[in-house]
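Here is a friendly note for anyone opening this structure for the first time. Please keep the viewer open beside you while you read the points below.

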Amino acid sequence: MRRIKVLKLGWEFPPLINGGLGVACMGISRALAQKVDLSVIVPKAKPGATYEGFGLIGINNLEHREMETLEEGYTYESFSVVGKAPVNLDPYACEEGTPGNIVFTREGKLLFSKVHKADLDLFTSKEDLYAGDLARKVIEFSKICAVMARSYDFDLVHAHDWMTYLAGVEVKKATGKPLVVHLHASQFDRAGADARGWIYDIEKYGMEQADAVIPVSKYTGTVAAGHYGIDPAKIFPVHNGADPVHVFHTKKKFPEKLVLFLGRLTAQKGPEFFLQIAAKVLEQTDNVRFVMAGTGEKLRQLIETGAFHGVGDKFHFTGFLNKQKVNELLSMTDVYCMPSVSEPFGLSALEAAQFNIPAVISKQSGVAEVMKGALKADFWDVNMMAKHIVDLITDEELYKQVAEQSAQDIKNSNWETAADKMLRVYHHVLGW
Amino acid sequence: MNISLTFHAHQPNRLIPYDFFKIGEHAFYEDDELNGRMLSEVAERCYLPANRLMKQLIELSDGKFKFALAISGVILEQAKYHRPDLITSFQELAETGCVEFLAMPYYASLASLYSTGEFAEQVEEHMDLIEELFGQRPTVLWNTGMLYSNAIAAQAYDMGFEGIMADGSSRMMKNLHPNELQCAPLIAKTKTIVRNRHLSNDLANRRVDPSWSEYPLSPYTYADWLGQQQGQVVNISMDYETLGERQPDTTGVFEFWRSMIMATLFAGNNFMTPTECVRSFDSTGTLDVPSPVSCSTFGTTTHWNGNVMQQEALKKIYDLENSVKDSEDRDMIHVWRKLQSADHFHYMEKSNGFTPYPSPFDAYIYYMNALADLQVRVKREAEIIHNAHKVTLA
């Protein structure tokens with residue numbers, strides 16, 4: 001049987017953008033490239049960057065004339081479905097802004113103007129990919145991908161997260177090739193159960209149009225099925241892997257145990273719960289310090305809440321930390337705590353495990369499915385979370401057990417295993 | 001008319017951005033380079049030229065011009081390291097015999113609100129320093145930010161002070177006259193000297209405010225106002241930094257003061273120091289101040305302890321008192337006391353524009369990290385003492 005040819009659509013990609021999505025896409029691409037013929041299209045790629053086993057095309061590196069020739073005689077079909085596109089979109093904001101809408105007519109086929117140089121410029125500017133007119137970027141990306149796909153030879157298209165779903169659907173319609181969509185994070189995770197709006201619509205539409213949906217965990221699969229009404233028969237969860245990191249240990253400068261929270265300070269990650277957990281733990285022992293590493297819209301509010309709880313001398317904020325500082329922090333941490341309200345996967349818990357740190361994590365996370373050793377509780381159950389932490393920092397035997405089991409758990413979490421599972425999904429979709 | 005003039009001089013100890021990774025490192029908390037540079041700049045613009053002017057006025061008036069200085073221990077300590085010439089300049093003023101030095105909490109702290117024992121010790125430490133540098137032991141107390149209440153006045157009496165300064169907001173004074181000496185309830189021997197808020201603020205704030213009806217104020221007009229005052233003594237007091245720092249030389253501030261003082265003297269008015277006031281006059285009324293007041297805009301203490309960050313920081317620094325003092329480690333006690341300066345808490349006020357930090361939240365975070373480091377240091381020293389004790393017993 002010949003190798004499957006996969007056209008992958010991504011949004012972030014290292015080394016230009018190093019968000020969680022980019023890191024995951026890179027890990028998947030590297031592992032998949034061993035098993036399939038792979039081409040990846042992203043809005044922005046570092047000019048001249050090469051990757052072993054696959055080609056990466058950044059729209060920012062395309063020439064205007066090149067696009068004009070590709071575009072001849074193509075009509076776009078999918079945009080009529082997505083109604084209104086808000087101009088200002090922040091996927092991490094709780095409510096979508098309403099200023100100025102681009103309205104698309106609902107008449108079915110729409111002939112877009114030729115790709116303008118200005119459209120390509122959207123992706124060559126220095127502006128952050130998520131900044132400015134995100135809706136327009138998503139739409140332009142879809143148009144350009146659909147046109148480009150016609151000059152590629154591939155068996156299926158695999159799109160990663162909502163920013164690329166429109167493009168995936170458009171490619172499917174333009175070429176008739178099956179579509180696989182990957183769900184790394186949904187609007188349900190970012191904005192809660194009541195999230196609706198353009199992004200939600202695109203996610204739902206993309207998953208409905210797809211031939212298979214790959215969520216990053218069973219937990220996220222239940223979100224796709226339960227919250228987006230996607231047929232469970234076409235949902236195939238595949239856990240993320242973790243790239244091995246350089247592990248080292250640093251001696252803390254203070255005698256107390258250290259409990260770490262790492263992540264964006266947004267409602268999704270449950271930082272308020274971490275504060276409450278800390279206050280509960282400190283009621284029982286003062287031989288502990290807590291650190292909240294990261295930044296976000298809730299930082300200032302959290303600082304004040306910490307002061308209000310009277311834990312200001314034991315609960316510390318670092319603000320944003322670069323990768324090196326994060327690793328320095330991990331190298332001295334005793335317990336990792338991830339009380340996320342909804343965490344599609346939760347790679348950071350695996351990274352902590354690589355540093356031999358036992359984790360206390362919320363049941364509402366994908367990583368809970370692979371970390372058998374971690375202590376778990378519902379995100380809202382701060383008493384149970386606090387009990388787990390107190391147990392870990394006072395019971396050396398338990399601490400050792402959990403750390404050892406975590407070491408086992410990491411061994412099974414690699415991109416190789418993930419790529420094998422994806423390959424099976426491809427075969428299923430293609431009927432090979 | 002009798003006039004009593006008091007200036008207050010202080011510079012904060014700004015902290016370095018003390019981040020989480022420094023907790024337990026026992027680094028030096030203060031930004032010594034910045035604090036030294038700021039002191040130097042203010043010395044050049046304000047303290048040195050102001051001292052020169054005051055000395056000239058004393059000489060020109062044959063000692064008829066007198067005033068009082070409340071200088072914090074913090075600024076004197078900074079000057080010792082960074083600008084010894086500043087101390088010399090104050091000493092020259094002291095030698096004229098026309099300058100009275102007032103007692104303060106050494107660290108310009110809020111100890112009077114949080115620990116009376118600590119407050120007494122800081123005031124003692126300050127008086128020792130004043131005596132050592134300027135050869136006089138203060139008899140009148142100027143609390144940080146003119147913090148005042150019945151309880152604070154009672155403590156000033158216990159400590160043997162003849163007088164204590166308070167800011168005369170109309171809310172506090174009710175129908176009492178600002179130019180009369182007062183007493184706290186049940187306190188007879190320690191008199192309360194009330195600052196004439198209105199006339200003081202004319203010079204401290206409004207003189208440079210173009211929207212003020214009297215702008216531009218003539219020094220002779222102001223001297224007339226002083227002469228027309230009724231009562232025992234009019235008390236004018238403000239930050240010494242008004243001269244040359246808050247109101248730069250270009251506003252004519254030094255020239256204004258020279259002319260104003262000379263005109264006041266020429267009109268036959270009489271300058272008195274605070275101690276001369278309390279020894280010359282009896283108190284005329286009872287001033288009842290059950291909860292603390294200060295000389296801040298609203299007369300309250302909320303700019304130091306109004307929000308949760310300030311309250312948490314204050315609680316945690318004073319929680320350390322016993323364990324820090326038990327260590328008997330003089331250096332550590334000094335470090336702990338320097339963290340009590342009111343400036344640290346003022347920087348955590350959300351509407352404070354005068355701050356070296358990017359935000360009040362950063363001020364709080366750096367402060368709490370430094371405090372956590374001190375906690376660790378206290379803990380370590382306690383363990384060493386404990387272990388040494390065990391060895392001795394064995």
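This is a predicted model: local features need pLDDT of at least 70, side-chain atom pairs count only at pLDDT 80 or more; totals for chains, interfaces and linings use all residues.

1. To find the two parts, colour 2-116 together with 196-281 as domain 1 of chain B, and 303-393 as domain 2 of chain B. Their centres, taken over C-alpha atoms, lie 29 Å apart. On each side of the boundary you can pick out 30 residues: 30 of domain 1 of chain B are in contact with 30 of domain 2 of chain B.

2. Now for the polar side of that boundary. Between domain 1 of chain B and domain 2 of chain B there are 20 residue pairs in polar contact, counting pairs with both residues at pLDDT 80 or more. Two helices of chain B, α2 (73-82) and α4 (111-114), each provide at least two residues of the domain 1 side. Of the elements there, α4(B) contributes the most, with three residues. Sorted by class, the domain 1 side that touches domain 2 of chain B holds 18 nonpolar, six polar and six charged residues.

3. How many salt bridges cross between domain 1 of chain B and domain 2 of chain B? There is one. While you are in chain B, have a look at Glu30(B) and Lys338(B) as well: their side chains meet in a salt bridge, with 3.1 Å from N to O.

4. Next, step back to see how the chains meet. In this pairing, 26 residues of chain A are in contact with 22 residues of chain B. About 2,100 Å² is buried between chain A and chain B, and 63% of that area is given by carbon and sulfur atoms. Which residues of chain A lose the most area to chain B? They are Lys253(A), Glu304(A) and Asp313(A), which together make up 28% of what the chain A side buries.

5. Asp313(A) pairs with Lys316(B) in a salt bridge whose closest N and O atoms are 3.0 Å apart. In total, four salt bridges are counted between chain A and chain B, along with twelve residue pairs in polar contact, both residues at pLDDT 80 or more. The elements of chain A that each give at least two residues to this side are β10 (288-293), α10 (299-308), β11 (315-319) and α11 (323-330). The most come from α10(A), with five residues. By class, the chain A side that touches chain B has twelve nonpolar, five polar and nine charged residues.

6. A few backbone details are worth a visit. Most residues other than glycine have a negative phi, and most peptide bonds are trans. The bond from Pro14(A) to Pro15(A) is cis, with omega near 5°, and Pro15(A) sits in the loop between β1 (5-9) and α1 (20-32) of chain A. In chain B, the bond from Tyr215(B) to Pro216(B) is also cis, with omega near -10°; look for Pro216(B) in the loop between α8 (197-204) and α9 (219-227) of chain B. Met146(B), a residue other than glycine, has a positive phi near 55° and lies in the loop between β4 (140-141) and α6 (150-158) of chain B.

7. Finally, the confidence scores. Chain B has an average pLDDT of 96, and 100% of its residues score at least 70. The model as a whole scores ipTM 0.91 and pTM 0.89.

Notes: Residues are numbered from 1 along each chain as its sequence is written. Chains are lettered from A and ligands numbered from 1 in the order in which they are written. Side-chain values use heavy atoms; hydrogens and water are left out. Contact means heavy atoms within 4.5 Å. Buried area is the accessible area (1.4 Å probe) that two parts lose on being put together, summed over both. A polar contact is a pair of N or O atoms within 3.5 Å; within protein, one must be able to donate a hydrogen and the other to accept it, and residues adjacent in sequence count only if both atoms are side-chain atoms. Helices (H or I, at least four residues) and strands (E, at least two) are DSSP runs, numbered from the N terminus. Ala, Val, Leu, Ile, Met, Phe, Trp, Tyr, Cys and Pro count as nonpolar, Asp, Glu, Lys and Arg as charged, and the others, Gly among them, as polar. Domain bounds come from an automatic or database domain assignment. pLDDT is the predictor's confidence in each residue, from 0 to 100.
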